[in-house]
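Trainee: I am new to this structure. Could we go through parts of it by question and answer?

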Amino acid sequence: MPQNLDAVAVRAWCRLALDALGRAREEIDSINVYPVADGDTGTNLYLTVESASQAVDAAFTGHEPALPSLAETVRAMAHGALIGARGNSGTILSELLRGMAQVIGGAYDERGAGTGAGTGDAEPLRDADHADGPTLERALRQAAEAAYQAVAHPVEGTVLTVATAAAEAATGTGGDCGAVARAAYDGACAALDATPRQLAVLGRAGVVDAGGRGLVAVLEALVAALSGRTVTSRSAAPAHARVEAVECADPPGEERDEEGGPAFEVIYLLEADDAAVTRLRARLDRLGDSLVVVGGDGLWNVHVHVDDAGAAVEAGVEAGRPHRIRITHFGVGDAHTTAQPPRERAQRAIVAVVPGEGLAGLYAEAGATTVPTRVGEPPASGELVDAIRRAHAREVVLLPNDAELRHTAAAAAEQARTEGVRVALIPTRSAVQGIAALAVHEPDRRFDEDVVAMTSAAGATRYGELAVAERQSWTMAGICQAGDVLGLIDGDVAVIGSEVAHTAASVLDRMLSAGGEMVTLVLGESVPDTVAEQLEKHVREAYLAVDTVVYRGGRQSALLLIGVE
């Protein structure tokens, strides 16, 4: 059956790309040496794709119970990437996605509407629910061309080179979207391995281009979304990179030496017409380097490195209406444009993601800054960063309380560190593990000692959960039917039952079979107090010297959370 690209596949692509960048984020950050060795390319790419993925999810939610069209989905993806683009590589990636959307969504015409990009050979896909292989080929080609034109002074050996190689490798494949995506991925991998020979700073460091490595991860996710099979990830630093470094020559263009270069990165969204943006490009090009302007149809994302941040913002004001202005002083952290009298920072704070109003109150009483979450609506990394800022502390312990949030929390922690906050991420996978960590928190203890103690307490807490099956499905415990009560232990279904109290008792028995001293129960809004009473009695009678503590989770919490310390 042909592997073609439809709205569902685009959504899967975004989610898989976010997961792939989450796994590779630290690795990509560590090889970020161009255009500035500020170690944030992986984080910026993750945040960019996170914004794209959220926009696609919103498009699906807005059309429920129907599905959005392919055109609506790719446009949402491109718009989300545009407004959420971070850093040089994230801004270029947003234009790559926008270039693809122009072809797949039918927004492209021979004049290259919006950016003036393109050669006129990309025919739009109109009124179709899927894109075929030739359409994806044209989309990849248009993406590479648009990205090149968005960069004021393109340099080879960067993500631009990798994107072009992917498009060239895909051209003439003659297969479905799966074959085209695989060819593009293979071409991108080969081009990535060659980047140290093209860009001297990469050769000297013995690494491949960080932005190109991120694009390979995104293409890897596209292959997986279309084929349903996992692709073996490529190494970020080929073994031959250092050996061949002596053969590298410094390219013309914007490569900075280790000592110099502009002091500030300036990024903002801009509402302006095409003519004003053309004048803005010329003005910013005189002010600094690493200039990338992407977007179109009246909304643009502007990225530039300058010594005079005020002049870069002023140029935006003259061109149109800039907003979401972000100024980063390289090596110093964030310089926010909203000036406020400084208030004294606390020494240490806890920031926790919490499901349910009752638990939020419990965490708040313990002194934590909480990020509320609802079932099926996990918080974005930006919400976690905002909470860290609200905590206003020099040191922050971050408790995600959800295994699915590990990459999101890691990206938020990295962003907060660039703002001068010392952040320790404890990988709690459930709110009950967070409770255990909070119980041993001592703010007067040395930070590292406090983090070790909290991590140990969380790791020593097994977690369980009760949920109701929404449909028939295969599980680790057998086949469940819609309406069955599922008992999960450490994330896997261990018990299938028909009634809450009995299923919970079975889960407790399994969890306590390995021993335990304390049982924590967090009851959802719909669970009566009698269930807690039955479970307390069960533990008291069956397990001597094991204490039980009960909390109310309130609205938006899980049916029942169980912790065993």
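Trainee: How many of the five residues of strand β19 are buried?

Mentor: This is a predicted model: local features need pLDDT of at least 70, side-chain atom pairs count only at pLDDT 80 or more, and totals for chains, interfaces and linings use all residues. Residues are numbered from 1 along each chain as its sequence is written, and side-chain values use heavy atoms, with hydrogens and water left out. Strands are DSSP runs of E, at least two residues, numbered from the N terminus, and buried means under 20% relative accessible area (1.4 Å probe, protein chains only). Strand β19, residues 560-564, is mostly covered, and its buried residues number five.

Trainee: Which residues of β19 point the other way from Leu560, Ile562 and Val564?

Mentor: In a regular strand the side chains alternate between the two faces of the sheet. In β19, Leu560, Ile562 and Val564 point one way; on the other side are Leu561 and Gly563.

Trainee: Which residue in β19 is the bridge partner of Tyr463?

Mentor: Two strands pair if DSSP finds at least two bridges between them. Strand β12 (residues 462-468) pairs with β19 in the antiparallel sense over five bridges. For Tyr463, the partner in β19 is Gly563.

Trainee: And which residue in β19 is the bridge partner of Leu521?

Mentor: Strand β17 (residues 518-524) is joined to β19 by five bridges, and the two run antiparallel. The β19 partner of Leu521 is Ile562.

Trainee: Asp209 is buried; how far away is the nearest side chain of opposite charge?

Mentor: Asp209 has no salt bridge, that is, a side-chain nitrogen of Lys or Arg within 4 Å of a carboxyl oxygen of Asp or Glu. The nearest side chain of opposite charge to Asp209 is Arg213, at 10 Å.

Key. Buried < 20%, exposed > 50% of the residue type's maximum accessible area, 1.4 Å probe, protein only. Lys, Arg positive; Asp, Glu negative; His and termini not counted. Helix = DSSP H or I, 4+ residues; strand = E, 2+ residues; numbered from the N terminus.
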